[in-house]
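Subject: Structure handover

Hello,

Here is the structure I promised you. Please open it and keep it beside this email while you read.

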Amino acid sequence: MENERERIMEAARQFARSELEHDATGHDWWHIHRVVTMAERLARAEGADVFVCIAAAALHDVADEKLNESKEAGLRKVSGWLERQAMTDADRAHVTDIIATMSYRGGANPPMRTLEGKVVQDADRLDAIGAIAIARTFLYAGWKGDPIHDPQLPPRETMTAEEYRRGRSTAINHFHEKLLKLSALINTPSARAIAEERHAFMEQYVERFYREWSGEM
Ligand code: ADP
Ligand code: NI
């Protein structure tokens, strides 16, 4: 049983790797790798089921609506894969539920139902806060065709999921529209400590960005 779980966790990583290898939106294999590593660390600290957390972390972006024809098509791909693994129906359902509900989507989703869901969501969110997050944001903006910054395009206060995904914005606006809001949404104490430090770094970065922009420094 333990060996079989080890095999499935490794297979989940390989499946995600083959699916996301060529992604250029910041949801590439190394994002998955970091989220899996963090999910394992948080799962151990919080006493969550490590197997469920690692499997869900590895597979969480395979079903991403940006990378599939629809969210449903993405989830079918993951369910089909899970069906072929020797695991309990309960674990399969748990992993699927986490993946189906954890995405940010403009802040519209209800809270995660289980400790494992909270852990995996935290691990994914931590990758959107801090030094690596800054790099991912400019990468994504470039991929989408958004500029770095435009003083005539202020951050949007509220928006629908559709506007969040497709509306015109800027990389710097994304810090205000999402990234700087994330640390307040962290679920677990272990992740909160990491989030606060990363958040402070990101705030400093944005502040400095504006000062350079205005020619003040
Ligand atoms: P989730 O995986 O929760 O759905 P996203 O896929 O929207 O989150 O975002 C993952 C990362 O991609 C963000 O943390 C951010 O760095 C980057 N990103 C997403 N949307 C944008 C955007 N409109 N502009 C700049 N970066 C973005
Ligand atoms: Ni992710």
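Leaving aside its neighbours within four places in sequence, which residues is Leu-42 in contact with? They are Val-119, Asp-122, Ala-123, Leu-126, Ser-190, Ala-191 and Ile-194. Contact means heavy atoms within 4.5 Å.

Two notes on how to read this. The model is predicted, so local features need pLDDT of at least 70 and side-chain atom pairs count only at pLDDT 80 or more, while totals for chains, interfaces and linings use all residues. Residues are numbered from 1 along each chain as its sequence is written, chains are lettered from A and ligands numbered from 1 in the order in which they are written, and side-chain values use heavy atoms, with hydrogens and water left out.

The core

Leu-42 also matters for the next point. The largest nonpolar core has 56 residues, and Leu-42, Leu-59 and Val-95 touch the most other members. Helix α3 (residues 50–59) gives the most to this core, with 10 residues. A nonpolar core is a set of buried Ala, Val, Leu, Ile, Met, Phe, Trp, Tyr and Cys residues joined through side-chain atoms within 4.5 Å. Buried means under 20% relative accessible area, exposed means over 50%, and partly exposed lies in between (1.4 Å probe, protein chains only). Helices (H or I, at least four residues) and strands (E, at least two) are DSSP runs, numbered from the N terminus.

The nickel ion

Which residues coordinate the nickel ion (ligand 2)? They are His-31 (NE2), His-60 (NE2), Asp-61 (OD) and Asp-124 (OD), at 2.1 to 2.4 Å. Donors are N, O and S atoms within 2.8 Å of the metal (3.2 Å for Na, K and Ca); water is not among the atoms, so sites may look incomplete. Along the chain, the donors follow the spacing H-x28-H-D-x62-D. His-60 and Asp-61 are both buried.

Ligand 1

Now turn to ligand 1. It is surrounded by 15 residues, and the closest are His-27, Lys-66, Ser-103, Thr-137 and Lys-178. A residue is near a molecule or strand if one of its heavy atoms lies within 4 Å of it. An oxygen atom of ligand 1 is 2.8 Å from a side-chain N or O atom of Lys-178. For Thr-137, an oxygen atom of the ligand is 2.9 Å from a side-chain N or O atom. With His-174, a nitrogen atom of the ligand is 3.4 Å from a side-chain N or O atom.

Phe-175 and Tyr-205

Phe-175 sits in helix α9 (residues 171–182). It is buried, with a relative accessible area of 0%. Beyond four places in sequence, Phe-175 touches Ile-134, Thr-137, Phe-138, Leu-180, Met-202, Tyr-205 and Val-206. Tyr-205 belongs to helix α10 (residues 189–213). Is Tyr-205 buried or partly exposed? Tyr-205 is partly exposed, at 28% relative accessible area. Leaving aside neighbours within four places in sequence, Tyr-205 is in contact with Ile-134, Phe-138 and Phe-175. Tyr-205 and Ala-131 are 74 residues apart in sequence, yet 9.1 Å apart in space, C-alpha to C-alpha.

- Arg-5 is in helix α1 (residues 2–20). Its side chain and that of Asp-91 are joined by a polar contact of 3.2 Å. A polar contact is a pair of N or O atoms within 3.5 Å; within protein, one must be able to donate a hydrogen and the other to accept it, and residues adjacent in sequence count only if both atoms are side-chain atoms.
- Thr-114 is in the loop between α5 (89–101) and α6 (115–126). It counts as partly exposed, at 24% relative accessibility. A polar atom of its side chain lies 3.1 Å from the backbone nitrogen of Gly-117.
- Asp-23 is in the loop between α1 and α2 (29–46). It is buried, with a relative accessible area of 17%.

Best wishes
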